[in-house]
Amino acid sequence: MSFLDRLRHSRRAALGATLFLGLLLAALPFLVGNGLGNSWLRILDFALLYIMLALGLNIVVGFAGLLDLGYIAFYAVGAYLYALLASPHFGLHLPVWAIIPAGAALAGFFGILLGAPTLRLRGDYLAIVTLGFGEIVRIFLNNLNAPLNITNGPQGISGIDPIRLGGVSLARPMEFLGFTIPSLHGYYYLFLALALLIVFVTIRLEHSRIGRAWVAIREDEIAAKACGINTRNIKLLAFAMGASFGGVAGGLFAGFQAFVSPESFSLMESIMVLCMVVLGGMGHIPGVILGGILLTVLPEIFRHGAGPVQQMLFGKVLLDPEALRMLLFGLALIVVMLYRPAGLWPSPTRRREFRGDAR
Amino acid sequence: MDILLQQIINGLVLGSIYALVALGYTMVYGIMGLINFAHGEVVMIGALVALAVIRLLADSGLPGVVVALVGLGAAAPVCMAVGFTIERVAYRPLRRAPRLAPLITAIGVSIVLQNLAMLIWGRNYHAFPPILPTSQHEVFGATITSLQVAIVLIAALMMGGLMLLVQRTRLGRAMRATAENPAIAQLMGVDINRIISLTFVIGSALAAVAGLMVSANYSIAHYYMGFILGLKAFTAAVLGGIGKLGGAMLGGILLGLIESLGAGYIGDLTGGFLGSHYQDVFAFFVLICVLVFRPSGLVGEKAAERA
């Protein structure tokens, strides 16, 4: 009996594991911050943002089986909405609890906007249209500074308000019961809370009527239709739900970074999030989370390692560390997929299917 | 009038390059049902290898056309080897895997090739030496250079050759059979592994030619050029109907025309509200409109609704 099976069968073991995981997650910023320094704490915060994105994309790609290569557009919508409504750019400073839901709603609307004309498309045709959609959004962000300056073009929008909760700005260290909590920790807990909320929503969705309808469409759209599923609405819902998660993550990103520019929303970012979903294990929530963490942290490890290791081995830096880091990253993608084509942590059903002994 | 004609000429030149690259995507897609995301990078490798050789020989006193041909002669085998290796390493082991697994390895290969090129050739732009004759001709008020004529002619020649190969030869028949149904093709005695390898090799050779054309046309090459070019060519292949050779050519030419006409006229059409930097938006917008009304591309057959 594996460790995971034991957790499933014993309530006490499950409770213990949950407690341990909770404590670990609560203590993590202190461990990372003190052990590895603030740059890794930032990476940790980003990992949480990427987990939210990956979970959102997982609804579209993993559950509903719709290949989306322009997902980052929704992240951009959320981020730019926050940037426009809470920065000196328009002189608006709306509170975060108004903007984030608005960002989710607007991103969801964009999701439907993308979904509606593409309902008839399948597979790779859908992929290229979503890709085009992502590029269109990015190009508009890049160029909507003339004749009317809306997005401030390639320079992006800076000086964005930090996220404030109950009058407390997360950008400064907080006093709490006599402790000082640094800003990065504050963001960590906020992101963690929202990531956990998204995980919860996704798990509940997965086992709901809607989630089962998504899977049915993924497996066979015609059969799903024949079973009485309104494939049009359910597919649109997948686009909207996935997009709204992206919108939330985007808003948080803008507040955290205090700066947005079109550069952050390139096609490569969409591809990265897709890699997280597929590499982790499409449609399997723990796998997707693992993929999100791994693909955020791995390039950073290579970044920190590429220069010093060469220094150690050859006495000088022979190869451009930036290129070397991405080279290793690309190789890692290939190797992982070759050895685990269903992803690092696929869902049990999928793993059985893959071994060919399903049904 | 002369502006319209000029834009059409530019569009045709751009379009024939897109078409050549798009053929590489569409051949692989037709046979394996796989987006070879790394194909754009093969074009980039071709351009950079050819350019490296050409720069080496630029001062040798040989005629420019010969130098360019030698450059191509060096680039084509390299690209073919790269294409062959990509298929062997990244796609063949995953032939039975879930559909998205080879897409991720393709992205991985793409990242690897791009950064390998950056390690070898650096981050800088490489200028194409002015070795080719660039006589200009006036046609009804528009200008066309001999280089542009050569690009369109060579592209047409290559496409015609490929069509003949696929439609008329034994190898072509085997390729079509594999595309139709690999399992049955194998039963008929087709060595599908060999056919798939050859498909990659042929597509990569076309990519080498396209790479040389791009760098000669824009007189520049760099490690990042493959990405956007691949994207455009893939769009062209889908626009035409991916998996169809004729579709790739039609899509490529159309996309080239759309882009250059868009760049020329988008300002006038929108009363100056949108400038020429919206040409990509325009191209993708046309793509989306086409796919909304013809979900399988312009010449693609209606995808079989499989059970």
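Angles under 35 degrees between axes count as roughly parallel, over 145 as roughly antiparallel, 65 to 115 as roughly perpendicular and the rest as oblique. Axes are lines fitted to C-alpha atoms, for helices over the stretch in contact, and angles run from 0 to 180 degrees between N-to-C directions. The model is predicted: local features need pLDDT of at least 70, side-chain atom pairs count only at pLDDT 80 or more, and totals for chains, interfaces and linings use all residues. Residues are numbered from 1 along each chain as its sequence is written, and chains are lettered from A and ligands numbered from 1 in the order in which they are written.

Helices (H or I, at least four residues) and strands (E, at least two) are DSSP runs, numbered from the N terminus. Helix α11 (residues 267–280) of chain A packs on helix α4 (residues 100–121) of chain B at an angle of about 135°. Their axes are 10 Å apart. α11(A) and α4(B) are therefore oblique to each other. Their crossing is left-handed. A crossing is left-handed if the near helix is turned anticlockwise from the far one by less than a right angle, and right-handed if clockwise. On the α11(A) side, the contact is made by A:Ile271, A:Cys275, A:Val278 and A:Leu279. On the α4(B) side, B:Leu100, B:Ile104 and B:Ile107 take part. Two residues are in contact if their C-beta atoms, placed from the backbone, lie within 7 Å. By class, the contact of α11(A) with α4(B) has 7 nonpolar, no polar and no charged residues. Here Ala, Val, Leu, Ile, Met, Phe, Trp, Tyr, Cys and Pro count as nonpolar, Asp, Glu, Lys and Arg as charged, and the others, Gly among them, as polar.

In total, 37 residues of chain B are in contact with 34 residues of chain A. On the side of chain B that touches chain A, α4, α9 (225–240) and α11 (279–293) of chain B each supply at least two residues. The largest share, 13 residues, comes from α4(B). The side of chain B that touches chain A divides into 30 nonpolar, 5 polar and 2 charged residues.

Within chain A, the domain assignment gives domain 1 (7–36) and domain 2 (39–279). Domain bounds come from an automatic or database domain assignment. The C-alpha centres of domain 1 and domain 2 of chain A lie 27 Å apart. Contact involves 6 residues of domain 1 of chain A and 7 residues of domain 2 of chain A. The side of domain 1 that touches domain 2 has 5 nonpolar, 1 polar and no charged residues.

Chain A also pairs helix α3 (residues 38–63) with helix α12 (residues 285–314). Their axes come within 8 Å and cross at roughly 135°. α3(A) and α12(A) are therefore oblique to each other. The crossing of α3(A) past α12(A) is right-handed. Residues of α3(A) in the contact include A:Phe46, A:Tyr50 and A:Asn58. Those of α12(A) include A:Gly291, A:Gly292 and A:Glu300. The contact of α3(A) with α12(A) comprises 11 nonpolar, 5 polar and 1 charged residues.

In chain B, helix α1 (residues 2–32) and helix α8 (residues 192–218) pack at an angle of about 165°, with their axes 9 Å apart. That makes α1(B) roughly antiparallel to α8(B). α1(B) passes α8(B) in a left-handed crossing. The residues of this contact are 18 nonpolar, 5 polar and no charged.

A residue is buried if 20 or more other C-beta atoms lie within 10 Å of its own, exposed if 12 or fewer, and partly exposed in between; C-beta atoms are placed from the backbone. A:Leu119 lies in the loop between α5 (96–115) and α6 (123–143) of chain A. A:Leu119 counts as partly exposed because 15 C-beta neighbours lie inside 10 Å. Not counting residues up to four places away in sequence, A:Leu119 touches A:Arg232 and A:Lys235. A:Leu119 and A:Thr231 are 112 residues apart in sequence, yet 9.0 Å apart in space, C-alpha to C-alpha.

Most residues other than glycine have a negative phi. Phi of A:Asn152 is near 65°, a positive value in a residue other than glycine. A:Asn152 lies in the loop between α6 and β3 (157–158) of chain A. With 20 other C-beta atoms within 10 Å, A:Asn152 is buried. B:Ser219 also has a positive phi, near 45°. B:Ser219 sits in the loop between α8 and β4 (220–221) of chain B. B:Ser219 counts as partly exposed, with 15 C-beta neighbours inside 10 Å.
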